[in-house]
Structures are given as structure tokens and as C-alpha cells.
Amino acid sequence: MAEIVFAAAAGLAVLGLLLSAVRFARGPWAIDRTVALDVMTIIATSLIVAFAVFSGRRIYVDVGMVYGLVGFAGVVAIARYLEGGL
Amino acid sequence: MNEIVGAFVSLAGSLFFLLSAVGLLRMPDAFNRMQAGTKATTLGSILFLLGIGIMKPDWLGRMVILIVFIVLTNPVSSNALARAAHAHRKRIGARLEPDALAAEDGGKEAGHAG
Amino acid sequence: MRTVKQRILSFLGLWGVWLLLTAPWNSEEAAAGAVVALLVAALPFSRASPLGDLKLGPRALATLVAYFFVFTKALVLSNLDVAFRVLHPRLPIAPGIVKVKTRLKTPLGRLLLANSITLTPGTITVEMRGEDVFVHWIKVADADPEGATAAIVGGFEKYLEVICG
């Protein structure tokens, strides 16, 4: 029962990721794509942790933490570049 | 018991992920997309990770670190994006009434391509 | 130069993160983490740590706990607000940027205020200049700086002033 509910949660998160990818593809401006990338980074971090639950290996939680860190730095760097003051 | 409660908390979080994606698709300009994106993903990831922490009590410490990290950094990245969007507000067609920040700057806009 | 209070706070912060990372605790790991955290906290950094802005009286700590609940409530309300606006068929938005003023002086207080504004119903911090904060409001209710300040900042400022001035 718990496995099914958690799999449904992960499935909905994947659906959210795909819908944000639609906005990432459609743009129309670089800023819209970066906003979509920000959302996708957060959802992907959570999904990596969910993958740790599915595989039962705690090391993937650390992978998720590092991914969140790098994704945040990437989004801020792109935003600063778009603002014109990197 | 823990397992099922945690799974439902995670399910609530993933509904907020879905909400943020729908907001990204429906909102008319970058500022409003940010409004939906930042807020809904923050609560969504808090609930999703808290649910995993309830399911696996051994991992709760890491989940708390991840939640604190997301709560501290997600508004910062949306703030950086909002400044970038404001630098290109005319090009991206943002409707802002009133716009106190542009009034303060005398209506300048960044010159290079967005 | 860092004060003793700043060093103690950064030691506690570093050690707390270490303890959370090694969650099923044993005493050897905890002791090793404490030693390393102590060494890092004792390094001669010249920049002041933002954690040093925290006040440590009983009143400030009680306010910190109260602020946690106020913040959680605001976060949940803002998500229900986003859900309402996103799922409403006609998208009830009237966005604009308003100027509000803050009385907070310390960097930590301003960081917490900006983050709180971003995570509360319908507002995103765009820019901070001196004591002016420029906020994107998804449905502008009051374009006048004083009214907007009361509506956006008022709820948090009275807590943050006690916690970190």
C-alpha cells in the first residue's frame, strides 16, 4: 500500500517535471526558460531522493543534495548573466 | 503505519510540484511564472522530503538539511531571476502597474539581448 | 574581526549540520565532528559571520520559535493562494512592483525578511536598496508605500526585529 502511494507521488512529480519541460522548450524568452529550469532543478532533486528510496541505497540522498547545490549555483549564475552583471 | 503516513505526505508534496508546473504553463509572463514556480516548489519539496523522512526515520537528518537548504536558497534564486526579468521587462512584455522600481531608475533597461 | 559570540554560533551551526548528516549517532563520529567544527570556528577569518547578528536572550529565542510558526502558516497560505490563482479559469492577477520600507539593519535580518516576503502570499522580492525593498505583487491591493509596507512587511518585521534587529 505505502509503496503504491509513494510510487504515485513520484509519478506525479515526474509529470510536473515533464510539464515544466514544456515551458522550458516553449520559452519564449531566456528568462522563462531559466524559471522553468529552476523549477525542474528542485523537482529533480526530490526525485533523486525518491530514487534513493526505491533503490534502498542512502548514497543517492547525498547525490540529491549535491545536485541541489549545483543546480542552485547554475540558476543564479544564469540569472546574473541575463541581468548583465556576471 | 509510518510508511503509509509518509507516503501520503509525499503525495501531497508532489501535488504542489504539479501545481507549480501548471502555473508555469498558464501564467502570462516571467514574473508571474516565478510566483507559481517558487512558492509551490518550496512547499512541494518540503512535504515530499518530509514524507520520505517519515517513511525512513534513519534519513530524517539528511532530509532536514535538504529542506533547510531549499527554504534558504529557493527564494534567493527567484530573487536573482526577478532582477534579471526586471532588467528586460519591456522585451519580455511584462505588465507591471505600478512599477515603482522603474520609476526609481528613471525607466532605464538593460541593453543586451535577453 | 569575529567576536567570541560569532565563533560560538558558527561552531554550533557547523556541528549541528554534521550531527544531522551522520544521523544514527555514535560518540566517536560526534566527537570528531566537534573537533573539526571547533577548528573551523577558530580560523582567523576577518569577515564577520552573518550568524553573529542573532540575539541570544530568552525573549529572542521564544520569538524565533514563534516566527517559525508564523512563517509556516504564511507558506501554506501562499501556496493555497497560488493554487487558487493558477486553477481559477480567468487567472485573477493584476501584477505590479511596489516599494516598501524596512526598519531592519543587519544583513541576516534583511536576508530573512527578503526570503519571507518571497514565500508569502503573492509577493516576490525584486530588489533591496538601502531601506527600500521593491516587491513584485501578483495582485496590487495598495500602491501607496505606507499601505503596502503594512500589508507585506508588517507581519514579519516585528518578529525579526526582536530576533536579529
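At what angle do the axes of helix 2 of chain A and helix 2 of chain B cross? They cross at roughly 5°, and come within 10 Å. This is a predicted model, in which local features need pLDDT of at least 70, side-chain atom pairs count only at pLDDT 80 or more, and totals for chains, interfaces and linings use all residues. Residues are numbered from 1 along each chain as its sequence is written, chains are lettered from A and ligands numbered from 1 in written order, and side-chain values use heavy atoms, without hydrogens and water.

**Helix packing**

- Helix 2 covers residues 30-55 in chain A and residues 30-55 in chain B. Helices (H or I, at least four residues) and strands (E, at least two) are DSSP runs, numbered from the N terminus.
- The crossing angle makes helix 2 of chain A roughly parallel to helix 2 of chain B. Angles under 35 degrees count as roughly parallel, over 145 as roughly antiparallel, 65 to 115 as roughly perpendicular and the rest as oblique.
- Axes are lines fitted to C-alpha atoms, for helices over the stretch in contact, and angles run from 0 to 180 degrees between N-to-C directions.
- On the chain A side, the contact (heavy atoms within 4.5 Å) includes A:Ile31, A:Val35, A:Val39 and A:Ile42. On the chain B side, B:Met34, B:Gly37, B:Thr41 and B:Phe48 are among the residues involved.
- Ala, Val, Leu, Ile, Met, Phe, Trp, Tyr, Cys and Pro count as nonpolar, Asp, Glu, Lys and Arg as charged, and the others, Gly among them, as polar.
- Within chain B, helix 2 packs against helix 3 at about 175°, with the axes 9 Å apart. That makes helix 2 of chain B roughly antiparallel to helix 3 of chain B.
- The contact of helix 2 with helix 3 in chain B has 18 nonpolar, 8 polar and no charged residues.

**Cavities**

- Rolling a probe the size of a water molecule over the atoms shows where empty space is left.
- On a 1 Å grid over the protein atoms alone, a cavity is a set of points where a 1.4 Å probe fits but cannot get out, and a pocket is an open set with protein on both sides within 12 Å along at least five of seven lines; lining residues have an atom within 4 Å of a point.
- Grid points are joined across faces, edges and corners, and a volume is the space filled by probe spheres set on the points.
- There are 2 cavities of 30 Å³ or more.
- The largest cavity holds about 110 Å³. It is lined by 14 residues, with A:Thr41, A:Ile42, A:Gly68, A:Phe72 and B:Thr73 closest to its centre.
- Helix 3 of chain B gives the most to the lining of the largest cavity, with 6 residues. Helix 2 and helix 3 (59-83) of chain A also supply at least two residues each.
- The lining of the largest cavity divides into 6 nonpolar, 7 polar and 1 charged.
- The second largest cavity has a volume of about 40 Å³. Its lining includes A:Val35, A:Val39, A:Ile42, B:Met34, B:Gly37 and B:Thr41, and those six residues also belong to the contact of the two helices 2.
- Helix 2 of chain A and helix 2 of chain B each supply at least two residues of the lining of the second largest cavity. By class, that lining has 4 nonpolar, 4 polar and 1 charged residues.

**Second largest pocket**

- The second largest pocket has a volume of about 290 Å³. Of its 16 lining residues, B:Val76, B:Asn79, C:Leu111, C:Ala114 and C:Met128 lie nearest the centre.
- Helix 3 (60-87) of chain B, helix 4 (107-118) of chain C and strand 2 (123-129) of chain C give two or more residues to this lining. Helix 4 of chain C gives the most, with 6 residues.
- The pocket lining divides into 8 nonpolar, 4 polar and 4 charged.

**Selected residues of chain C**

- C:Asn115 lies in helix 4 of chain C. C:Asn115 is buried (under 20% relative accessible area, with exposed over 50% and partly exposed in between; 1.4 Å probe, protein chains only), at 7%.
- Beyond four places in sequence, C:Asn115 touches B:Val71, B:Leu72, B:Pro75 and B:Val76.
- C:Leu119 sits in the loop between helix 4 and strand 2 of chain C, and counts as buried at 1% relative accessibility.
- The contacts of C:Leu119, leaving aside neighbours within four places, include B:Thr38, B:Val71, B:Pro75 and C:Phe71.
- C:Lys158 lies in helix 6 (residues 154-164) of chain C. At 51% relative accessibility, C:Lys158 counts as exposed.
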